[in-house]
Amino acid sequence: MNVTTTRGTLLAAFACVLVGASFTANSVLGEYPYAGGQFLRYGLACLLLLPLAGKGSTARLRALTPRQWVRLILLAAVGMVGFNLAVIAAERTAEPAVPGVFVGCAPVVVAVLVPLLDGRGPRRAVLYGALLVAVGACAVQGWGRTDGAGLAFSVCALAGEVGFAVLAVPVLRPLGPRLLSATVCAVAALESAAVGVLVDGAGWLRRPDTAEAAALLWQAVVVTVVGFVCWYMGMQRIGAERATLFSGLIPVAAAGTAPLVGTGSYGLAQAAGSALVGLGVALGSGALNLTSARRRIGGRARRAAPMATFRGNDRPEWQGARAPEMPE
């Protein structure tokens, strides 16, 4: 595992841990208008991200094709606004574990869908690792009561999680993680405002109280600004297939932090599920294969072959060859 892959792995893992640890903040916003909260979250995040977007941001945005703009609009609508709305709607008639289990299957869907869109077959190691991650995530969360509506909205949440990774692949290279995050946050803020006006009317936005303001600030600064940039920087380095493996860390982080605030417990099932997630991530990312290869070599020196770093849609660019510059 080279330096680029290691950094991508750590960035993707860190982003997913931040999301999992933020579930406590989500519970504080139960009484706040959904669309208004999303507007404040993504609007503030966009303002914070714009100074970090780097030089030439305007030129890069102007160079986008209409098709790429459509992808950005869909990314914000499906992977951000729609995903959060689907989770909230699912939890009205289903226990929170139900949408969590469906979202935990995202690594499997991405491991199959991304290669198909790229005109190749799924990588077996990534697919097997994704299956282990999905089983581990389900073990951590368990299952709960639900009805047809809860299941339907849970499937929509799964689609949103998949879309957040897959739809970003073609626009990650031209924009880079920071400008991409800023752009989709701006689009998501506008979409949230439109949803709020249509659904909630004049009451779509109100002044948050102290606890709600702290939760919204956490979501905007930590989960969105830091989390989104780290996620897309990780995806830029290791590809969407491998990066999505780390979404299995979201329920693990949520289960691990729940006892700290008295909203859950961490028992044998959570420990076993966490172990499966870790095993799946290690298998899918290639860490297990690397360890086995090193053991077979037995410490003997050998001439190193060119190593591939993965950019965008898990396509290798060989080290030693000159690669196109990519915005960070």
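Student: Is Tyr232 buried or exposed?

Tutor: Buried means under 20% relative accessible area, exposed over 50%, and partly exposed in between (1.4 Å probe, protein chains only). Tyr232 has a relative accessible area of 0%, so Tyr232 is buried. This is a predicted model, where local features need pLDDT of at least 70, side-chain atom pairs count only at pLDDT 80 or more, and totals for chains, interfaces and linings use all residues. Residues are numbered from 1 along each chain as its sequence is written, and side-chain values use heavy atoms, with hydrogens and water left out.

Student: How many aromatic pairs does the structure hold?

Tutor: Rings of Phe, Tyr and Trp (its six-membered ring) pair if their centres lie within 6.5 Å; planes under 30 degrees apart are stacked, over 60 edge-to-face, the rest tilted. The structure holds three such pairs. Take Phe39 and Trp204: their ring centres are 5.3 Å apart and their planes at 70°, so this pair is edge-to-face.

Student: Where do Phe39 and Trp204 sit in the chain?

Tutor: Helices (H or I, at least four residues) are DSSP runs, numbered from the N terminus. Phe39 is in helix H3 (residues 34-49). Trp204 is in the loop between helix H10 (169-200) and helix H11 (210-245). They are 165 residues apart. Trp204 is buried at 16%, while Phe39 is partly exposed at 28%.

Student: Why is the pair of Phe164 and Tyr232 tilted?

Tutor: The planes of Phe164 and Tyr232 stand at 40°, with ring centres 5.4 Å apart, so the pair counts as tilted. Phe164 lies in helix H9 (residues 148-166) and Tyr232 in helix H11, 68 residues apart in sequence. Phe164 is buried too, at 11%.

Student: Which residues do ring pairs link into a cluster?

Tutor: Phe164, Phe228 and Tyr232.

Conventions
Helices (H or I, at least four residues) and strands (E, at least two) are DSSP runs, numbered from the N terminus.
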